[in-house]
Amino acid sequence: MVLPEFELVVDPAFSIPFLCWVAGGIVLGSISGLIPGLHANNFALVLAGVAASVPGPPLFVGAAMLAAGVVHTFLNAIPAMALGVPDAEMAVTALPGHRMVLDGRGFEAIRLSAVGSLLAVLVAIPLAIPVTIGVTAVYPYVRAHLSFLLLAIVLALVVTEYTWQRRAVGACSFLLAAVLGWATLDLSPEAPLEAGGMLAPLFAGLFGAPVLIDAINGGGVPPQEDGGLRLSRPLLGWTAVSGAIAGAVVGYLPGVSAAIAAIAVLFLVPGGITDRGYIVATSGVDTANTIFALFALVAIGQPRSGVMVAFENVGAPLNLPVLLVGVVLSGVFGFVLVVSVGDLYLQLIGRLEYWKISVVILTLLCCLSFLFTGLVGILVFCLAAIIGLVPVRLGARRVHLMGVLIGPLILAGWSGW
């Protein structure tokens with residue numbers, strides 16, 4: 001694999017408009033990331049639909065899209081933790097983060113996510129070329145045996161439940177979610193917005209609705225303690241690096257989402273799977289995915305994420321030095337925004353009656369489901385919410401609900417044998 005060479009020239013006539021476009025992308029990514037349940041791919045496809053009509057140099061428009069995608073991966077942690085409503089990539093992180101919020105450690109949870117994402121940016125860029133070479137070398141083998149690797153992950157998740165009853169509930173939850181995913185993921189229903197995809201109603205129902213339903217009778221968000229990090233620096237660094245490397249897998253393997261890679265990362269976290277390790281590692285996966293997807297587009301010419309599909313539709317040149325400058329700036333601003341906006345978000349939620357918030361957010365999720373997938377999406381949302389209550393009510397981990405993606409991938413792999 002040979003990456004093209006580029007020359008970066010600092011020119012005010014170029015730099016000032018470029019920074020303005022990146023700033024615009026940061027604003028868009030901030031807005032999208034703070035909308036509960038809005039999946040990054042839906043947002044990216046909306047951008048792709050309007051990008052062609054945006055007046056401006058394709059490189060600048062592409063840089064703005066990339067900036068929006070990076071910042072979205074920072075800010076989407078806030079509604080996932082404060083409300084328990086994730087988009088697909090934050091699904092694994094949502095419950096540990098929300099649990100920390102309910103324990104009064106929400107400020108720390110937000111900072112852990114911000115640090116995990118920022119470290120992923122800083123780690124992914126220098127590792128991008130060697131990791132790209134390594135991943136492309138093993139790509140054929142991994143792709144050929146992907147179903148067995150995913151099955152091993154599923155079995156490990158079930159076995160690591162504490163009791164046989166929970167293991168049975170975990171397996172049942174996985175199978176129910178897998179059947180739901182198999183039946184709905186390939187649907188393309190008519191909808192008001194042509195940026196659909198069943199991920200929005202599926203993940204809103206599986207992971208968001210059960211938390212909101214329980215919160216209607218709950219006590220709301222308690223006062224939050226200080227935001228000091230209670231995680232050692234070596235462990236913090238290791239989990240962030242693990243997340244960044246897993247993000248590379250997402251960038252190159254078709255059909256593997258950041259959510260699935262995040263599950264694999266959990267087994268690399270030393271000292272057991274703690275809430276804090278969950279948050280740092282999975283936030284790193286989500287953000288690093290955006291960076292490695294850019295390198296995958298350069299290396300193999302294939303867009304591996306919704307943001308990269310939108311980027312390619314614009315016809316933006318793959319000027320890596322310029323684009324990486326935009327990525328780093330977006331990461332720094334994303335870090336600052338998560339910490340500042342996240343604290344305010346939690347404080348605001350803490351002042352409101354939580355049952356009212358739950359009802360409003362449930363209504364919003366129904367509206368998003370309708371906008372992206374029509375009436376079929378509302379039905380899928382309701383079915384997913386019922387299935388999402390199974391592990392919650394019976395005491396198993398909600399991570400088994402990732403069967404909605406893993407199950408269809410395993411079946412697709414076996415059908416090809």
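Is S369 buried or exposed? I looked this up first.

**Entry: ground rules**

I am working with a predicted model, in which local features need pLDDT of at least 70, side-chain atom pairs count only at pLDDT 80 or more, and totals for chains, interfaces and linings use all residues. Residues are numbered from 1 along each chain as its sequence is written, and side-chain values use heavy atoms, with hydrogens and water left out.

**Entry: S369**

S369 is buried, because its relative accessible area is 1%. I noted the cut-offs: buried means under 20% relative accessible area, exposed means over 50%, and partly exposed is in between, with a 1.4 Å probe and protein chains only. I found S369 in helix α15, residues 354–394. Helices here are DSSP runs of H or I with at least four residues, strands are runs of E with at least two, and both are numbered from the N terminus. Leaving out residues up to four places away in sequence, S369 touches P201, G374, G377, I378 and F381. A contact means heavy atoms within 4.5 Å.

**Entry: salt bridges**

I counted a salt bridge where a side-chain nitrogen of Lys or Arg is within 4 Å of a carboxyl oxygen of Asp or Glu. How many salt bridges does this rule give? The count is three.

I began with E108, which is buried at 0% relative accessibility. E108 forms a salt bridge with R105, and their closest N and O atoms are 2.9 Å apart. R105 is also buried, at 4%. E108 forms another salt bridge with R276, where the closest N and O atoms are 2.7 Å apart. E108 lies in helix α6 (residues 106–144) and R276 in helix α12 (residues 275–300), so this pair ties together parts that are 168 residues apart in sequence. I wrote down R105, E108 and R276 as a network of salt bridges.

Then I looked at D343 and R111, whose side chains meet in a salt bridge at 2.7 Å, N to O. D343 is in helix α14 (residues 320–351) and R111 in helix α6, and the pair links distant parts of the chain, 232 residues apart. D343 counts as buried at 14% relative accessibility, whereas R111 is partly exposed at 22%.

**Entry: α3 against α12**

How do the axes of α3 and α12 cross? The axes of helix α3 (residues 58–75) and α12 come within 8 Å and cross at roughly 160°. The two helices are therefore roughly antiparallel to each other; the word applies to angles over 145 degrees, while under 35 is roughly parallel, 65 to 115 roughly perpendicular and the rest oblique. Axes are lines fitted to C-alpha atoms, for helices over the stretch in contact, and angles run from 0 to 180 degrees between N-to-C directions. From α3, the contact uses L66, G69, V70, T73 and F74, and from α12 it uses D286, T287, T290 and L294.

I checked G413, which lies in helix α16 and counts as partly exposed at 24% relative accessibility. G413 and S147 are 266 residues apart in sequence, yet their C-alpha atoms are 5.4 Å apart in space.

Last, I looked at F148 in helix α7, residues 146–159. F148 is partly exposed, with a relative accessible area of 41%.
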